[in-house]
Amino acid sequence: MRMYDIIMNKRNGGVLSDEEIAFFIDGYTNGHIPDYQASALLMAIWFNGMNEHETAVLTDCMARSGDMVDLSAIPGIKVDKHSTGGVGDKTTLVIAPIVAACGVPVAKMSGRGLGHTGGTIDKLESIPGFRVSVEREQFFQIVRDAGLSVIGQTGNIAPADKKLYALRDVTATVDSLPLIASSIMSKKLAAGSNAIVLDVKTGSGAFMKTLDDSIGLAQAMVSIGERNGRRTIALITDMDLPLGHAIGNSLEVAESVATLKGHGPADLTEVCLQLAANMLYLADKGTLDECRRLAGDALSSGAALEKLRAMVIAQGGDVSVIDDTSKFPQAPVTYEVKSPSDGYITHMETEKCGIASVALGAGRESKEDDIDMSAGVVLVKKTGDKVTRGETIARLYTAKQSALPEAERLLLDAITFSDKQPAPEKLILARVSKDSVERF
Ligand code: URA
């Protein structure tokens, strides 16, 4: 087999055989196929796409290019959750404890922040002492004992994706549906769960800005999961405004704890309950309505909060900050952003809100940057809220006084004001399963 012929086949709009896809992924991962030939094939895929079967095979080969985690040492159906990334997206910190409290084990590997979006692992590290790097046997033991564990990626997960993603990044081939879907799902398949719930964000803070594009990505990922023997459901959720009020690591943990205590923001609580219900549904805990009730009970009874405490203790974290979130180390500088006019907030450019938080120190501007765990933004007002001139619309937290003007400018630029109250936004816009797309 020759890479030249594989490139020509796809360039001419052909369908790649399973053997051709395996040849490409094996050869590229072990260094036998050079970057220039891989780039040519990626560009041919960008122009001509891949059908569902090709995409599923590509994903399987990418997953198998490294470790395939075997979770069979943990009894029960294991359900993973993946978010395509957003601003203020702290759902894992709420959902994992809810699902565990309903008797479904959660053995989850999460990522760090990327660009304007935060990452669960950075958030967990804001809990003093919390270990995100745990040996595999101990990870399994924590799940068996506490019911849940969330750790950083360990081992050699989907190395083909790592190499291909770096190449796509510099060859203008990131935004190809089969390449995005296979990249995300290769890591999910390798992580070993039996079923997967995908939270595909849509809107100004998301990778996919329109509902139709988000549904297309969700369908591609659901098809990959199902064709590879994992039951998969996707919810399309709103990222046209940040989720909850807090953006920034310890600020988001505090908001998650408030949610588990029953007094979190309504949008965050609702999205978490819906995602958790779908995870319980895939774990065969009942109908979707029954699962929604189970999730609600786990929250209102305090059982989910107990699960978060158990995980924090098991992973060496200081549980006193969970019991009293005012004990988190506090940012030395706080600043209030005031509304420049009277009226309603009609839109928030969510990506800019994320960038403001990064500027304050809550994210990395380059790979080597350290994160300031107490930095970030709390949005006091959000889309739909009425404001008066001079009223506080956001609070900024930082150790970098010099970053305040830039963060304030970004936030004010991000917000649109108007005399007219906007129609409320839907939180969950669609549910995609292998059989249907339900739009809400
Ligand atoms: N996230 C990924 O992991 N891969 C992509 O291609 C895009 C987003």
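## Loops, sheets and a ligand shell

Q: Where is S339 found?
A: S339 is found in the loop between β7, which spans 333–338, and β8; bear in mind throughout that this is a predicted model.

Q: Is S339 buried or exposed?
A: S339 is buried, because its relative accessible area is 3%, and the cut-off for that class is under 20%.

Q: And what does S339 touch?
A: Leaving aside residues up to four places away in sequence, S339 touches V387, T388, R389, G390, E391, I393 and F417.

Q: What is the strand order of the open sheet with β8 in it?
A: That open sheet has three strands in the order β10-β8-β12, and the pairing is antiparallel.

Q: What else pairs with β11?
A: Strand β9, residues 376–379, pairs with β11 in the antiparallel sense over four bridges, and in that pairing V377 stands opposite L396 of β11.

Q: How many residues of β11 are buried?
A: Six of the seven residues of β11, which covers 392–398, are buried, so the strand is largely enclosed by the rest of the structure.

Q: Changing topic: how many residues of β2 are buried?
A: Strand β2, residues 106–110, is mostly covered, with five of its five residues buried. In a regular strand the side chains alternate between the two faces of the sheet. In β2 both faces are covered, V106, K108 and S110 being buried on one side and A107 and M109 on the other.

Q: In which sense do β2 and β3 pair, parallel or antiparallel?
A: β2 and β3, the latter being residues 148–152, pair in the parallel sense over five bridges, and the bridge partner of A107 in β3 is S149.

Q: What about A172, buried or exposed?
A: A172 counts as exposed, because its relative accessibility is 58% and the class begins at over 50%. A172 is found in the loop between α8 and α9, and it has a positive phi of about 55 degrees although it is not a glycine.

Q: Which residues surround the ligand?
A: The ligand is surrounded by Y165, R168, I180, S183, I184, K187 and F207, a shell that divides into four nonpolar, one polar and two charged residues. Helices α8 (159–170) and α9 (177–190) each supply at least two residues of the shell, and the largest share, four residues, comes from α9.

Q: Which side chains have a polar atom 2.9 Å, 2.6 Å or 2.5 Å from the ligand?
A: An N or O atom in the side chain of R168 is 2.9 Å from an oxygen atom of the ligand, an N or O atom in the side chain of S183 is 2.6 Å from a nitrogen atom of the ligand, and a polar side-chain atom of K187 lies 2.5 Å from an oxygen atom of the ligand.

Q: How much of the ligand's area does the protein bury?
A: The protein buries 83% of the 240 Å² that the ligand exposes when taken alone.

Q: Last one: where does K434 lie?
A: K434 lies in the loop between β13 (428–432) and β14 (437–439), and at 56% relative accessibility it counts as exposed. K434 touches V222 and E226, not counting residues up to four places away in sequence, while its C-alpha atom is separated by 9.5 Å from that of A234, a residue 200 residues apart along the chain.

Key:
Residues numbered from 1 in each chain as written. Predicted model: local features only at pLDDT ≥ 70, side-chain atom pairs only at ≥ 80, totals over all residues. Heavy atoms only, no water. Buried < 20%, exposed > 50% of the residue type's maximum accessible area, 1.4 Å probe, protein only. Contact = heavy atoms within 4.5 Å. Near = heavy atom within 4 Å. Polar contact = N/O pair within 3.5 Å; in protein donor to acceptor, adjacent residues only side chain to side chain. Areas by Shrake-Rupley, 256 points an atom, 1.4 Å probe, with all protein chains shown as cover. Nonpolar A, V, L, I, M, F, W, Y, C, P; charged D, E, K, R; others polar. Pairing = 2+ DSSP bridges.
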